[in-house]
Every structure is written in C-alpha cells, then in structure tokens.
Amino acid sequence: MRIFKNLMFVAGMTLLLSSCAVSKSPLTGFLYMDVKAPLTATGNSGSSKVGTASAKSILGIVATGDASIDAAAKSAGITKIHHVDEQSTSILGIIATYKVYVYGE
Amino acid sequence: MVNNHLKKTYLVRLFFFFFLLIITTGVTYAQKISKYYTSAMQENGVLYFIEPKQEFKRSKENCKLTYDLTYLTTKDTVLLNFTYLDNTLRVIDSISIIHGDKHISSIAEKIFIETDKKFWKHRYSSRFLFTDIDLLFQQEKSPKVVIYYGDKHSQLGIKSSKWTKQSAIISKILMLIKANKKSS
C-alpha cells in the first residue's frame, strides 16, 4: 500500500511539475517536444553564415540563457540577417530549451 | 480484498509501462541525426549548419572548446566557428586539428571576446577544406585540437567514447551532404 502511494505521489508530482517547464512553440507536446518554426524573415538576400543562441528552463523553476537574435547573430559574426528560425524542445516538462537560429551574411 | 489487490497491481504495471514508454521515446528521438544539423536552400547551393555536441578539454587548466560547422555546397571550404574558454585572455592566431599523422591548420579570425565568470570566452572563426573535415570524422581514433597564441599553444583532447558516438553521427550528415551534392 505504501509503495503504491509513493508511486502515485511521484506520478502526481511529475504531472504537476511537467506543466511548468514549457518553452515558446506553435505546438505543444506533453511527453516530448522538438519543434522548429519560423520566427522572422527580412528582405536581405542570401546567407552564408548561421548563428545560434539558446536558453534553458528546469522544471519551470530556474530559467537561464540568452536566446536573443542579437546573441545568435553575434555568435557567427552576422551583420545582415536573412531569416530567423526557432526551435523548442521539452522532455516531460522537466527540461525545456528554446533555441534561435539566425541565417545571414 | 482480492479485487483491490489486482487493481493495485494493474495500476502499478500501468505506471511502469507509462514510465518505460517515456524513456523509450526520449532515447529513440535522441538517436535522430536531424537534431544535429539544419539546412537552408540558397540561390547558390544548400547551406548546412552542423552542431556536434562535443567538447574538447584540457583538464589541468580547465580549458574547453566547443565548435560548429557551416557549409555551403557550392564552396570547397567549411566554416568552423569555435568558442574557447580559458582562465587567461589570449590572442589566438591559428587552430590545428591532429588526427593520426595528419595535421590540418587554419588561421583563426576573431568574432568577439567576452568574460564568463572567471573565464575568458574567445569566439573565433576558421576555414578548413570539406575533404579534410570529411576525412577527420571518418577517423575512429579521437583527434587533438591545438590552439596557437603567440609562441605558446594549448592542446585539447576528447574522450574516445564520446568521439566514436559523435563522429558516427557527423560522418552520416557529411555523407548526406555529399549524396545531395551529387544529385544536384
């Protein structure tokens, strides 16, 4: 009986906390999420460089990182942005990451 | 009483099944190579961005190096951008990769330098031949990375188990790039 209660407690806590660590995404996946989506596009033509920047959240309690377009462009030395994509991943709502991909020259 | 016991056993089994399903889903998705690269169609070819989850280290001084690869299919060279963490501020001149008897080197161009707590974060850019990079990831033995600053240098290594796992993934991505190049 005690084991059953403990298991139900763990399951309950998992369900309760899993709704916390969520990153911005057009779609949501409760168990697992790995979604890439467009963020923006400019009139500049062509790209030869790609830069990334990311931020991470744990249980929705702690969230750190710089996932700005500026940080991503800076990481590859991009001065003319062509387009920007975003990627959101989440595992059981325990760990969630938000990543920005900047394409440009 | 018996019914209650059966009900509990059923629920415990259901819980473990659910738990195993989640773990299996995570592991299955972790093996996907699409996690490690992106591609974008350009007027002059396809632009690939590969991000190996690899970290070269020099344990004594706590130095670390992470890198990413950008490749436009119409070019012969691969852009290798790297972040080098060191306790001391360095002016990096060049980078070398040693695998077996072969050394491949490139001039390093500074993108920016920042401080991250007690570390200096050096972000630099270098270029290598696509054929050299392709050959590098086909090696089973883990390579060494050497960072040159002035007349000094820093050599960093990687665990062979991590190299084996990652090089197989990157090698597969490079194979995919070559296959697409042939068909275009």
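This is a predicted model: local features need pLDDT of at least 70, side-chain atom pairs count only at pLDDT 80 or more; totals for chains, interfaces and linings use all residues.
Me: What makes A:Lys99 and B:Glu51 a salt bridge?
Reply: The closest N and O atoms of A:Lys99 and B:Glu51 are 2.5 Å apart. The cut-off is within 4 Å, for a side-chain nitrogen of Lys or Arg and a carboxyl oxygen of Asp or Glu. The pair therefore counts as a salt bridge.

Me: How many salt bridges are there between chain A and chain B?
Reply: The count is two. Polar contact is counted too, with six residue pairs, both residues at pLDDT 80 or more.

Me: Which elements of chain A supply the side that touches chain B?
Reply: Those giving two or more residues are helix H1 (2-18), strand E1 (32-41), strand E2 (49-58), helix H2 (69-76) and strand E5 (95-104). H1(A) gives the most, with four residues. By class, this side has 13 nonpolar, seven polar and five charged residues.

Me: How many residues are in contact, and what area is buried between chain A and chain B?
Reply: 25 residues of chain A are in contact with 24 residues of chain B. The buried area is about 2,200 Å², and carbon and sulfur atoms give 68% of that area.

Me: Why are residues of H2(A) such as A:Ala71 and A:Ser75 called buried?
Reply: Buried means under 20% relative accessible area. A:Ala71, A:Ala72, A:Ala73, A:Ser75 and A:Ala76 are the buried residues of H2(A), so each falls under that cut-off.

Me: What do the buried residues of H2(A) pack against?
Reply: In chain A, they pack against E2, strand E4 (81-91) and E5. In chain B, they pack against strand E5 (77-86), strand E8 (109-116) and strand E9 (119-129).

Terms used
Residues are numbered from 1 along each chain as its sequence is written. Chains are lettered from A and ligands numbered from 1 in the order in which they are written. Side-chain values use heavy atoms; hydrogens and water are left out. Contact means heavy atoms within 4.5 Å. Buried area is the accessible area (1.4 Å probe) that two parts lose on being put together, summed over both. A polar contact is a pair of N or O atoms within 3.5 Å; within protein, one must be able to donate a hydrogen and the other to accept it, and residues adjacent in sequence count only if both atoms are side-chain atoms. Ala, Val, Leu, Ile, Met, Phe, Trp, Tyr, Cys and Pro count as nonpolar, Asp, Glu, Lys and Arg as charged, and the others, Gly among them, as polar. Buried means under 20% relative accessible area, exposed over 50%, partly exposed in between (1.4 Å probe, protein chains only).
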